[in-house]
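Here is a quick tour of some side-chain and helix packing. Have a look at the model before reading on.

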Amino acid sequence: MSKIPYTGKTPGARQPVRPVSTDPLAPAEESYVTANPLLEDPDALAARLADSEDFVRRNRNLLLGVLVAVVAVVAGAFGYNYWRTEQNTQAQNAMFKAVNYWEADSLNKATKGDGKHPGLAKVASEYSGTKAGNLANFYAGVAALKQGKYQDAYNLLDKFSADDYLVQSRAYSLMGDAKLELNQPKEAAELYAKAADHKANDFFSPGYVLKQGIALETAKDNAGALKAYDRILNDYAASPEASEARQRKAALAQ
């Protein structure tokens, strides 16, 4: 006796019966049986394609509108990025001479321009959405601080933001200097603390904390000043500021 199992593929096996239509003019209905069950039934696939084509025909205007909107968004984004790049390039070119004046300590020309080239204030205003315009705020703020225009300095530096944590911390500290000169020591102390806590590190944070303590002393907040000095002695004991913090703490204790 044969031991070959009897399957649908075995010679002599009963084949599936195809249904016969009672209408002689109707096409014969065939049930396509694939050897691999993962293969698509072509009849079912054709039906889905027909449904998809019908959907496209019925909703052509809607689909066309969506396509136009997508193209407009992509084109708009590309155009905006291109415009921003061009604006940033123009801003860099515009502020080049002003930065030279700033580095030479010709602060008035750096800020207001020389008649031929725009100053930092104009670059910051006209190119406010660019990286160069943002940097112009920093330069102009420092220039204003050196010129004794403390409120202007604070306002300009407040508009500046940087990814570089050292530069951003420096900006907070300079804003604190402006507030201290405006006789607002409590606000200055808050900005110094902000500078110290922004990506705190062993190199710059101790100096900012020391300035915080001095500002709090000016504000007659001796308890707050002592906490600032203790922070230096505890967290930054090896820093150069530790010696002055120790002396100031001793003076407050008397």
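## Aromatic cluster

This is a predicted model. F138 and Y139 are both buried. Their ring centres sit 6.4 Å apart with planes at 75 degrees, so this pair is edge-to-face; over 60 degrees is what that label takes.

F138 also pairs with F160: here the centres are 5.0 Å apart and the planes are at 45 degrees, so the pair counts as tilted. That one ties together distant parts of the chain, with F138 in helix α5 (residues 131–146) and F160 in the loop between α6 and α7, 22 residues apart. F138 has 13% relative accessibility and so counts as buried, and F160, at 6%, is buried too. W102, F138, Y139 and F160 make up one aromatic cluster, and the model has three aromatic pairs in total.

## Lysines over rings

K146 lies over the face of W102, 5.3 Å from the ring centre. K179 does likewise with Y154, at 4.4 Å from the ring centre.

## Helices α10 and α11

Helix α10 (residues 222–235) packs against helix α11 (residues 241–253) at about 145 degrees, with the axes 9 Å apart. The crossing is left-handed. Among the residues that meet are L226, Y229 and L233 from α10, and A245, R248 and L252 from α11. By class, this contact has eight nonpolar, one polar and five charged residues.

## S205

S205 belongs to helix α9 (residues 205–218). Is S205 buried or exposed? Its relative accessibility is 1%, so S205 counts as buried. Leaving out residues up to four places away in sequence, S205 touches A196, A200 and Y236.

Key:
Residues numbered from 1 in each chain as written. Predicted model: local features only at pLDDT ≥ 70, side-chain atom pairs only at ≥ 80, totals over all residues. Heavy atoms only, no water. Helix = DSSP H or I, 4+ residues; strand = E, 2+ residues; numbered from the N terminus. Buried < 20%, exposed > 50% of the residue type's maximum accessible area, 1.4 Å probe, protein only. Contact = heavy atoms within 4.5 Å. Axes fitted to C-alpha atoms, helices over the stretch in contact; angles between N-to-C directions. Left-handed = near helix turned anticlockwise from the far one by under 90°. Nonpolar A, V, L, I, M, F, W, Y, C, P; charged D, E, K, R; others polar. Phe/Tyr/Trp six-rings, centres within 6.5 Å; stacked < 30°, edge-to-face > 60°. Lys NZ or Arg CZ within 6 Å of the ring centre and 35° of its normal.
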